[in-house]
Amino acid sequence: MNSFILILLYDFFLLYTFQYIQFLRESRIDELMPGLLNIINSSLRYDFEIDDLLESFKHKIERAVEYYKHNRALYITKFLYKMSIYYLVRNKNHVAIDIIYKIWNYLIFLMIHGHL
């Protein structure tokens with residue numbers, strides 16, 4: 001493939017990604033986790049960093065975890081698990097361990113309240 005086509009594909013990818021991220025920023029809270037899970041899976045598969053993106057969504061992620069806590073236990077656990085894998089791959093073990101700790105606490109919460 002020649003370099004011109006690669007540049008066009010890269011520009012298209014950046015434009016699409018930017019639009020998708022804008023969509024997530026403006027979307028309802030129940031659309032955030034599926035979108036971020038897609039981005040995390042892509043990041044793990046194609047090895048690109050999303051640290052800044054995850055940081056920019058930090059507060060929305062916390063609100064979404066609370067939203068999903070009672071209705072979508074498996075989904076939120078899967079999201080947090082994938083996020084911890086992302087940070088482990090990036091050698092940010094302390095962040096990954098914090099997330100694993102959140103998963104553990106979340107599962108204990110669900111057991112106490114009879115959701116598991």
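Reader: How many aromatic pairs does the structure hold?

Author: The structure holds two aromatic pairs. One of them is Tyr-20 with Phe-23, a stacked pair with 6.4 Å between the centres and 20° between the planes.

Reader: What counts as a pair, and what counts as stacked?

Author: Rings of Phe, Tyr and Trp (its six-membered ring) pair if their centres lie within 6.5 Å. Planes under 30 degrees apart are stacked, over 60 edge-to-face, and the rest tilted.

Reader: Is this an experimental or a predicted model?

Author: This is a predicted model: local features need pLDDT of at least 70, side-chain atom pairs count only at pLDDT 80 or more, and totals for chains, interfaces and linings use all residues. Residues are numbered from 1 along each chain as its sequence is written, and side-chain values use heavy atoms, with hydrogens and water left out.

Reader: Why is Tyr-20 called partly exposed?

Author: Tyr-20 has a relative accessible area of 23%, and partly exposed is the class between buried (under 20%) and exposed (over 50%), using a 1.4 Å probe and protein chains only. Phe-23 is also partly exposed, at 44%.

Reader: And the pair of Tyr-86 and Tyr-87? Which kind is that?

Author: Tyr-86 and Tyr-87 are edge-to-face, with 5.2 Å centre to centre and 75° between the planes. Tyr-86 is buried, at 1% relative accessible area. Tyr-87 is buried too, at 9%.

Reader: What does Asp-51 touch?

Author: Leaving out residues up to four places away in sequence, Asp-51 touches Tyr-86, Tyr-87 and Lys-92. Contact means heavy atoms within 4.5 Å. Asp-51 sits in helix α3. At 11% relative accessibility, Asp-51 counts as buried.

Reader: Let's zoom out. How many helices and strands are there?

Author: The protein has six helices and zero strands. Along the sequence the pattern reads α-α-α-α-α-α.

Reader: How much of the protein is buried?

Author: Buried residues make up 33% of the 116 residues.

Reader: What about the core? How many residues does the largest one have?

Author: The largest nonpolar core has 29 residues, and Met-33, Ile-61, Phe-79 and Met-83 have the most contacts inside it. Each of α1 (3-26), α2 (29-46), α3 (51-56), α4, α5 and α6 supplies at least two residues of this core. α5 gives the most, with eight residues.

Reader: What makes a nonpolar core?

Author: A nonpolar core is a set of buried Ala, Val, Leu, Ile, Met, Phe, Trp, Tyr and Cys residues joined through side-chain atoms within 4.5 Å.

Reader: What is Met-83 in contact with?

Author: Ignoring neighbours within four places in sequence, Met-83 is in contact with Ile-40, Leu-54, Ile-61 and Ile-99.

Reader: On to α6. What span should it have?

Author: α6 has 20 residues (93-112), so at 1.5 Å a residue it should span 28 Å. Its end C-alpha atoms are 28 Å apart, which agrees. The expected span is 1.5 Å times one less than the number of residues.

Reader: Which residues of α6 are buried?

Author: The buried ones are Ala-96, Ile-99, Ile-103, Tyr-106 and Leu-110. They cover an arc of only 80° around the axis, so they are on the same side of α6. The arc is that of the directions from the helix axis to the C-beta atoms.

Reader: What covers them?

Author: Their cover includes α4 (58-68) and α5 (73-89). On the other side of α6, exposed residues include His-94, Tyr-101 and Trp-104.

Reader: Last topic, the loops. Where is Asp-47?

Author: Asp-47 is in the loop between α2 and α3. Its phi is near 55°, a positive value in a residue other than glycine. Most residues other than glycine have a negative phi. Asp-47 is exposed, with a relative accessible area of 55%.

Reader: And Asn-91? What is its phi?

Author: Phi of Asn-91 is near 60°, again positive in a residue other than glycine. Asn-91 lies in the loop between α5 and α6. Asn-91 is exposed, at 64% relative accessible area.

How values were computed
Helices (H or I, at least four residues) and strands (E, at least two) are DSSP runs, numbered from the N terminus.
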